[in-house]
Amino acid sequence: MPREPVATRALKRAEPDAGKAVKSDKAPVKRKRSTKASKVLDEEEGSTYYLLKTEPDDLSADRLEAAPKGIATYDGVRGFQARNYMKQMKAGNQVFFYHSSCKVPGIYAMAEVVAEAYPDHHAWTEGHKYYDPKRLMVDLQFKRKFNPTLTLADLKQHATEGLSGMPLLNQPRLSVQPVTDTHANFIFEIEKRLSK
C-alpha cells in the first residue's frame, strides 16, 4: 500500500481535523452597506455604460472622431479599481467620453467599445512612460459629439438628485468608471434640456 507523502502525514498530525467538514454554531457574518450604496453597486454590475476620462492633449473627442474609422486606443490605465472596471467592459458598451485636466472638463462625446481590455502596447517597453505589465487598454469607436458639451459644473448641479451616487462626483480621480442605466438616462435628459 503506497505511503502518504511526508508533508501530508505531518499536516494530519498537526491538524487532526484537516480535510474534515467543521461545523459551527456561529451564523455567518454579513457585511452591511447603506441602502443607497447597495443600489448603486447592484446597478453597476453588468453595466452597459462607462465613463472614461482622457486628457485632450493625449486623446480628444476631435482626435477620436478624425481617427481611421473613428477608432483609437484608450491606454495607460494602471490603477487597480480603474483596471478592474476596464476588464468588465464588453464590446458594444457605450462610453461617455470625458475630458479632464483641461479648462472646461466635461462629457464631450459618446463612443463605443469595439475591442475589450488587452495589454497596453507599451506595457513591456522598458523606459516608456507606460512600462508596466499591469497596464491595459481598450479600443473605442467615435459615435457622436455631445450637443452641447455637458460640463462638470452642469453635472454637479444634479449631484444630490438625478446623479446622486455617481462615481464621477464622488471619486473624481477614477479614470474608468461604470455608469448605471439610471444615471445614463438622466445625463441624456440633461443634454436634451440644454440643447433646446
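User: Why does lysine 69 count as exposed?

Analyst: Its relative accessibility is 75%. The cut-offs are under 20% relative accessible area for buried, over 50% for exposed, and partly exposed in between, with a 1.4 Å probe and protein chains only. At 75%, lysine 69 is over the 50% limit and therefore exposed. This is a predicted model, in which local features need pLDDT of at least 70 and side-chain atom pairs pLDDT 80 or more, while totals for chains, interfaces and linings use all residues. Residues are numbered from 1 along each chain as its sequence is written, and side-chain values use heavy atoms, without hydrogens and water.

User: What makes glutamate 65 and lysine 145 a salt bridge?

Analyst: A side-chain nitrogen of Lys or Arg must lie within 4 Å of a carboxyl oxygen of Asp or Glu. The closest N and O atoms of glutamate 65 and lysine 145 are 3.5 Å apart, so the pair qualifies. Glutamate 65 is in helix 3 and lysine 145 in strand 5 (residues 136–151), so this pair joins parts of the chain 80 residues apart. The whole structure holds four salt bridges.

User: Are glutamate 65 and lysine 145 buried, partly exposed or exposed?

Analyst: Glutamate 65 has 39% relative accessibility, which makes it partly exposed. Lysine 145, at 35%, is partly exposed as well.

User: What does the salt bridge of glutamate 112 and lysine 143 tie together?

Analyst: The N to O distance of this pair is 3.6 Å. Glutamate 112 lies in strand 4 (residues 106–119) and lysine 143 in strand 5, so parts 31 residues apart in sequence are tied together. Lysine 143 has a relative accessible area of 43% and is therefore partly exposed.

User: How close are glutamate 191 and arginine 144, and is glutamate 191 buried or exposed?

Analyst: Their closest N and O atoms are 2.8 Å apart, in a salt bridge. The pair spans 47 residues, from arginine 144 in strand 5 to glutamate 191 in helix 7 (residues 181–195). Glutamate 191 has a relative accessible area of 8%; this is under 20%, so it is buried. Arginine 144, at 31%, is partly exposed.

User: Why is arginine 83 called buried?

Analyst: Its relative accessibility is 12%, under the 20% limit, so arginine 83 is buried. Arginine 83 belongs to helix 4 (residues 80–88). A polar atom of its side chain lies 2.6 Å from the backbone oxygen of arginine 78.

User: Which residues gather in the patch of negative charge, and what makes it a patch?

Analyst: They are Glu55, Asp57, Asp58 and Asp75. A patch takes residues with over 30% relative accessible area and no salt bridge, joining like charges within 9 Å and nonpolar side chains (Val, Leu, Ile, Met, Phe, Trp, Tyr) within 5 Å. Aspartate 57 has a relative accessible area of 76%, so it is exposed. Its place is the loop between strand 1 (49–54) and helix 3 (61–66).

User: Is histidine 121 buried or exposed, and where is it?

Analyst: Histidine 121 is exposed, because its relative accessibility is 57%. Its loop runs between strand 4 and strand 5.

User: How do you know that the peptide bond from asparagine 147 to proline 148 is cis?

Analyst: Its omega is near 0°. Proline 148 itself is in strand 5.

Definitions and conventions
Areas by Shrake-Rupley, 256 points an atom, 1.4 Å probe, with all protein chains shown as cover. Lys, Arg positive; Asp, Glu negative; His and termini not counted. Charge placed at Lys NZ, Arg CZ, Asp CG, Glu CD. Helix = DSSP H or I, 4+ residues; strand = E, 2+ residues; numbered from the N terminus. Polar contact = N/O pair within 3.5 Å; in protein donor to acceptor, adjacent residues only side chain to side chain.
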